[in-house]
Amino acid sequence: TAPAVTMTPEDRADAMALLTDPQLAARIRADLEAVGVVGEDRAKLLVYLVATSRKLGRPLSLAVVSRSSGGKSHMVLKVTELMPEEDHFGYSRVSGKALFHDEENRLKHKVLTVEEAEGMEEATYALRVMQSAQVLRTLSTITDPTTGRHKAQENVVRGPVALVVTTNPRNTDVVSAA
């Protein structure tokens with residue numbers, strides 16, 4: 001895990017001023033417009049809120065549904081570019097077993113994006129469990145390289161994660177399964 005970041009009193013005061021600014025939502029929308037996300041003011045703010053919820057005990061998840069070539073992937077990409085690079089994992093596809101065999105704390109309090117719901121079809125079970133239980137526990141049989149005997153190996157992957165998936169209206173059944 002990353003070392004804790006300490007803030008100076010001045011940095012903390014600046015952060016609190018920003019967080020309590022009544023124009024915070026307008027400032028976020030303006031920042032997103034500056035990086036090329038025009039229009040869709042409510043949608044881009046919602047994606048931003050879900051991405052920042054990754055630090056909460058129960059992060060939010062979101063399916064961005066729009067027609068093909070509607071700009072949904074661009075919007076999600078630009079929002080996640082405003083997050084610290086180490087807090088975002090973006091994929092085109094997630095295999096059925098990949099999440100179960102990940103490192104224990106790599107996904108903890110991160111935002112996970114999957115471009116197009118079809119890319120997560122095999123992983124819907126793992127994503128559902130991660131969202132509800134916030135942990136994946138796998139017990140697998142492996143061969144001990146020194147003895148050649150089979151033995152059980154446990155793997156634990158901890159969340160929570162904020163999940164953002166894009167899809168088009170005809171594929172909402174995949175997203176509802178997750």
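**Reading the helices, sheet and cores**

Modeller: In this predicted model, the axes of helices α2 and α3 come within 10 Å of each other and cross at roughly 100 degrees.

Colleague: Why is α2 called roughly perpendicular to α3?

Modeller: The crossing angle is roughly 100 degrees, and angles of 65 to 115 degrees count as roughly perpendicular, so α2 is described as roughly perpendicular to α3. The contact between the two helices is made by A25, I28, R29, L32 and E33 of α2, together with D41, K44, L45 and Y48 of α3.

Colleague: What makes the length of α3 agree with that of a helix of 12 residues?

Modeller: At 1.5 Å a residue, the 12 residues of α3 should span 16 Å, and because the C-alpha atoms at its ends are 17 Å apart, the two values agree.

Colleague: Which residues of α3 are called buried, and what do they pack against?

Modeller: Buried stands for under 20% relative accessible area, and in α3 the term applies to K44, L45, V47, Y48, V50 and A51. These buried residues pack against α2 (24–34), β1, α4, β3 and β6. As for the sheet, α3, which covers residues 41–52, lies across β1, β3 and β6 and runs at about 155 degrees to β1.

Colleague: What is the order of the strands in that sheet, and why are β1 and β2 said to stand at the edges?

Modeller: The sheet is open and has four strands in the order β1-β6-β3-β2, with parallel pairing. β1 (61–65) and β2 (88–91) each have a single partner strand, so one side of each is left without a neighbour in the sheet, and that places both at the edges. From one strand to the next, the twist averages 15 degrees.

Colleague: How do you know that β6 is paired with β1 and with β3?

Modeller: Two strands pair if there are at least two bridges between them; five bridges join β1 to β6, and five bridges join β3 (residues 110–114) to β6 (residues 161–167), so by that cut-off both count as pairs.

Colleague: Which residues of β1 lie on its covered face, and which on its uncovered one?

Modeller: L62 and V64 belong to the covered face of β1, whereas S61, A63 and V65 belong to the uncovered one.

Colleague: Which members of the largest nonpolar core touch the most other members?

Modeller: That core has 18 residues, and those touching the most other members are L99, L107, V114, L127, L136, L163 and V165. Two or more residues are given to this core by each of β3, α5 (124–133) and β6. A second, separate core has 17 residues, among them V47, A51, V64 and V76.

Colleague: Why are G71 and D11 called partly exposed?

Modeller: The term covers values between 20% and 50% relative accessible area. G71 has 37% relative accessibility, so G71 counts as partly exposed, and D11, at 40%, therefore counts as partly exposed too. G71 has its place in the loop between β1 and α4 (72–81), whereas D11 lies in helix α1 (residues 9–19).

Colleague: How far apart in space are G71 and E40, and how far apart are D11 and G70?

Modeller: G71 and E40, 31 residues apart in sequence, are 9.7 Å apart in space, C-alpha to C-alpha. For D11 and G70, which are 59 residues apart in sequence, the C-alpha to C-alpha distance is 38 Å.

How values were computed. Residues numbered from 1 in each chain as written. Predicted model: local features only at pLDDT ≥ 70, side-chain atom pairs only at ≥ 80, totals over all residues. Heavy atoms only, no water. Axes fitted to C-alpha atoms, helices over the stretch in contact; angles between N-to-C directions. Contact = heavy atoms within 4.5 Å. Buried < 20%, exposed > 50% of the residue type's maximum accessible area, 1.4 Å probe, protein only. Core = buried A, V, L, I, M, F, W, Y, C linked by side-chain atoms within 4.5 Å. Expected span 1.5 Å × (residues − 1). Parallel < 35°, antiparallel > 145°, perpendicular 65-115°, else oblique.
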